[in-house]
Amino acid sequence: MCGIVGVVSNAPVNQLIYDALLLLQHRGQDAAGIVTQQERKFFMHKAKGMVKDVFRTRNMRSLLGNCGLGQVRYPTAGNAFSEEEAQPFYVNAPFGIVLVHNGNLTNAHALKAELFNTDHRHINTESDSEVLLNVLAHEIEKTTRGLPLQPLDIFAAVRNVHKRVKGSYAVIALIAGHGVLAFRDPYGIRPLCMGKNGDGNVMLASESVTLEGTGFQFDRNVDPGEAVFVDLDGKVHAQQCAESPTLKPCIFEFVYLARPDSVMDGISVYQARLNLGETLAKRVISTVPPNEIDVVIPIPESSRPSAAQLAQLLGLPYREGFVKNRYVGRTFIMPGQGVRKKSVRQKLNVIASEFKGRNVLLVDDSIVRGTTSREIVQMARDAGARKVYLASAAPPVRFPNVYGIDMPTSSELVAHDRTVEQIREIIGCDALIYQDVDGMKKAIGSLSTKLAGFDASCFDGIYVTGDISSDDIERLNEKRVGGEENQEDTSRLALPNPAD
């Protein structure tokens, strides 16, 4: 999961892209990068850290030009602590291309061999995004064959990319002297939308909130398999480039990843979470009688809509029992189990009066590893709760995710090969209530008639691309990001930003 943005404007875009990345910060906190173009020259700055820390005034002044890209990174492959794996990535031929990518390629290993042996291209990092960039560059080179670049050439190249690349990918690329290209995988697993403002400028971004928060009007989503090319005059060219596109977005976007004020593929994320709370309420009634619950308390922040809807339907008080320190990163995104566990009590503090002597129902958006849930349940007990019930707005996460969410190993998932009772004992709550898979799909899918389904592979084990085996999962896990801060960076060639 990453956040990406691209802009073609008639005015400098450095501040605009910076503001857009702040609105996408929830999608990645490991690294950030911006590249801009003036005439045919690229200006780039990228580094590890949050947006506000990566870009100083001196960096912003050096990002010249009226079009550019940005990305916030949450790593799922490669080395989480390697500076060089921050995006954007750059190749100098053909034309000069920089690229940002949200998703995860499931055949990156095979593509890397093809690029070296057949395409004669060099890959310098463990990032699948660099693989994707080089596949795109090679296909553009083939379609143009030294001739001036036309939109039809770009679309032909993207068609070939779709044929070679497997997995999830929402991509924005800047082609020197020509414009911005964006495309989405044939299943639309990762989100991508576009918008315009009154000055004729065009923005492409992962979430609609990015457009609205920077003064752009949402236009539409980029369709699965579609390519959109915006030339430097702001003219939009679009073409479907996949043979059999079908819209099956990642359901975890609606459960947890996206901001609640975004609308993705026609579905309000906020309304989706309200619906999840409604269906979860029915599950709670069948497990714990409402008269045995004194108060409903959300675990901040994604669970708030679901918890509020559940409380209303059950006729129970809704209270805020946890105060979140907003200056600590999301634990789900933090690399390293030790770092994640340590941060829970730094991240949340209890309001003891909401727990003391009460039977509390805690509501979370999902339970992945279980370590955070166990800590929070214990915090509630320490604050004086008589009984602690826990409800998850999502079903048990039982299977690895291969499309860009950091849950690739079964051994890390508390629900893998365990019953609900076994999970409850590990977490330490008095009752554990999960959403069911069909209920989740109906709750969210009812909000749009355009969807052919969802990628819900981490819940149901069905991978929408249809090409994932246990060997693939094992290989992808080998390429997973480093988990500890002291892990050695084994890269041999770094091209860092110039010293400040």
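Glu39 lies in the loop between strand E2 (31-38) and strand E3 (41-48); strands (E, at least two residues) and helices (H or I, at least four) are DSSP runs, numbered from the N terminus. The phi angle of Glu39 is positive, about 55°, although Glu39 is not a glycine. With 69% relative accessibility, Glu39 counts as exposed, where exposed means over 50% relative accessible area, buried under 20%, and partly exposed in between (1.4 Å probe, protein chains only).

The model is predicted: local features need pLDDT of at least 70, side-chain atom pairs count only at pLDDT 80 or more, and totals for chains, interfaces and linings use all residues. Residues are numbered from 1 along each chain as its sequence is written, and side-chain values use heavy atoms, with hydrogens and water left out.

The peptide bond from Ala93 to Pro94 is cis, with omega near -5°. Phe95 is also placed in the loop between E5 and E6. Phe95 has a positive phi, near 70°, and is a residue other than glycine; its relative accessible area of 31% makes it partly exposed. Another cis peptide bond runs from Pro300 to Glu301, with omega near 0°. Glu301 belongs to the loop between strand E16 (295-298) and helix H10 (304-314).

The description now turns to the whole chain. The chain contains 16 helices and 21 strands. Its radius of gyration is 23 Å, close to the 23 Å that the globule rule gives for 500 residues, so the chain is as compact as a globular protein of that length. This radius is taken over C-alpha atoms, and the rule is 2.2 Å times the number of residues to the power 0.38. Along its principal axes, the C-alpha trace spans about 75 × 45 × 45 Å. Of the contacts in the chain with a separation of 6 or more, 71% are between residues 24 or more positions apart; a contact means heavy atoms within 4.5 Å.

Finally, the interior may be considered. Buried residues make up 61% of the 500 residues. A nonpolar core is a set of buried Ala, Val, Leu, Ile, Met, Phe, Trp, Tyr and Cys residues joined through side-chain atoms within 4.5 Å. The largest such core has 55 residues, and those with the most contacts inside it are Phe252, Val284, Leu361, Ile444 and Phe459. Helix H9 (residues 269-285) contributes the largest share of this core, six residues. A second, separate core has 32 residues, including Leu149, Ile154, Phe155 and Val165.
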